[in-house]
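Subject: Handover of a structure for your review

Dear colleague,

Please find the structure below, followed by an account of what was found in it.

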Amino acid sequence: MHEVINVSVSHRSNHLVTQFYNCQEELLQYSRVDQPENDPSIFLDPVVDLASKTISYTPRALLWDAKTGNGALGTYAYSETKDSYDENWKEDEGDDHSYEIVQTHHRIPKSAYQEALDKGIPTPKLNSQNTKYWSDYSKLIFPSSSFNILHNWYHDVNNPSLPDFQNLGQMKFDKFDIGVQEFRETHCDGFFDGNFHTQLERCDALQGFNLVTELDNAWGGFTSELLVELRDELPKIDVFTWGFNADDVLSRKQPIHSTKTKFQMLCNKIRSTLALSQESDLFFPLYARDDVSLWESTSEVCLLFESVNAVVSQTNTENRRTFNYLTNALTLGE
């Protein structure tokens, strides 16, 4: 196998990766009847249950988001651990009392779509109103090692690309340097020593990473630092970076110095693009629409993302191409 791990950095990016894995889940349905054209083990980790003679699949993914950005999905929601709190759970007489439940924010209700998946009943139709969070419509169960959360930043439902510092409404995750500092000082060691290595251990012959992020805010700086460390960790592995670009003062034909915020956004875009394209084998700029919901806009982008990645997961080895092959074919070694 030549596995690929998707590293998604930001709430918008998680929507795109969720759309992609939902497509992978659809391919699993087709493979039950016909010979599959795509090998599911490239992007999904197969777990064989010898007792029941079944195979379950979990995404090969590392997702970054702000606090509460996962919606109703807890890190251990589908794991056998009491680190995940069930509001319907009651203490048994034999339970020990060595744990305490502390509520730090309002509980986000589970979507009707997820409730239907859990119960095995027909799912409701998706729309822009019931897909506020990427977890609202995710079909596959992510392992607990996939989730990575910013310690000091909270998800803003009204502005999902700009988490709020400590949920105080005073500072946003909006500058390239803020992202660089956040990863370097708070998350670097813990991420690579923990969840990153856990995902690597589940691969037999890793061929590369898809790194999905945003370029107009601090997520770009955060990802650039992550990519530098990833290159130090695995210097010979191919990395495809996918960067979301929102409309800026130039694309909207406005004066560059019209406001400080707009000028800062343009600087973020330039610095992120240069840093990420320099360290990546291939760099794909993506358009981040702001006139529709994230569920709608990322479903359009997923057509490109899924098409490129389908080439590297072909079952027929004569048709399959590697990340390295695509890089050389598109760049001619330049």
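N167 counts as exposed because its relative accessibility is 51%; here exposed means over 50% relative accessible area, buried under 20%, and partly exposed in between, with a 1.4 Å probe and protein chains only. N167 is found in the loop between strand 6 (164-165) and helix 3, where helices (H or I, at least four residues) and strands (E, at least two) are DSSP runs numbered from the N terminus. The phi of N167 is near 60°, a positive value in a residue other than glycine. Most residues other than glycine have a negative phi.

Before the remaining findings, a note on conventions. This is a predicted model, in which local features need pLDDT of at least 70 and side-chain atom pairs count only at pLDDT 80 or more, while totals for chains, interfaces and linings use all residues. Residues are numbered from 1 along each chain as its sequence is written, and side-chain values use heavy atoms, with hydrogens and water left out.

Overall composition

The protein has 334 residues, of which buried residues make up 46%. Its secondary structure comes to 7 helices and 9 strands. Among contacts (heavy atoms within 4.5 Å) between residues at least 6 apart in sequence, 74% join residues at least 24 apart.

S10 sits in the loop between strand 1 (4-9) and helix 1. In contrast to the exposed N167, S10 is buried, because its relative accessible area is 0%.

V17 lies in helix 1 (residues 11-31) and counts as buried, since its relative accessibility is 0%. Not counting residues up to four places away in sequence, V17 touches N6, S8, L63 and V212. The C-alpha atoms of V17 and W134 are 8.9 Å apart in space, although the two residues are 117 apart in sequence.

T58 belongs to strand 3 (residues 54-59) and is buried, with a relative accessible area of 17%. Residues up to four places away in sequence aside, T58 touches F43, L44, D45, I141 and P143.

In helix 2 (residues 112-119), the residues Y113, Q114 and A116 are buried. They cover an arc of only 160° around the axis, so they are on the same side of helix 2; the arc is that of the directions from the helix axis to the C-beta atoms. The exposed residues A112 and K119 are carried by the face turned away from that buried side. Helix 2 is followed by G120, whose phi is positive, near 70°.

Helix 3 spans only 28 Å between its end C-alpha atoms, whereas a straight helix of 25 residues would span 36 Å at 1.5 Å a residue. The expected span is 1.5 Å times one less than the number of residues. Helix 3 bends by about 65° at H187, the bend being the angle between axes fitted to the seven residues ending there and the seven starting there.

Helix 5 (residues 260-279), with 20 residues, reaches 29 Å from its first C-alpha to its last, close to the 28 Å expected. In helix 5, M265, L266, N268, K269, S272 and L276 are buried. These buried residues fall within an arc of 155° seen down the axis, so they line one face of helix 5. On the other side, K260, L274 and Q278 are exposed. The buried residues of helix 5 pack against helix 3 (176-200), strand 7 (208-214), helix 4 (218-233), strand 8 (238-245) and strand 9 (282-287).

L266 of helix 5 is buried at 8% relative accessibility. Leaving aside neighbours within four places in sequence, L266 is in contact with D248, V249, L250 and I256. The C-alpha atoms of L266 and N217 are separated by 9.3 Å, and these residues are 49 apart along the chain.

The second largest pocket

The second largest pocket has a volume of about 870 Å³. Of the 37 residues that line this pocket, the closest to its centre are R12, N159, S161, L162 and A246. Helix 1, helix 5 and helix 6 (294-310) are the elements that give two or more residues to the lining, and helix 5 gives the most, with 6 residues. On a 1 Å grid over the protein atoms alone, a pocket is an open set of points where a 1.4 Å probe fits, with protein on both sides within 12 Å along at least five of seven lines; lining residues have an atom within 4 Å of a point. Grid points are joined across faces, edges and corners, and the volume is the space filled by probe spheres set on the points.
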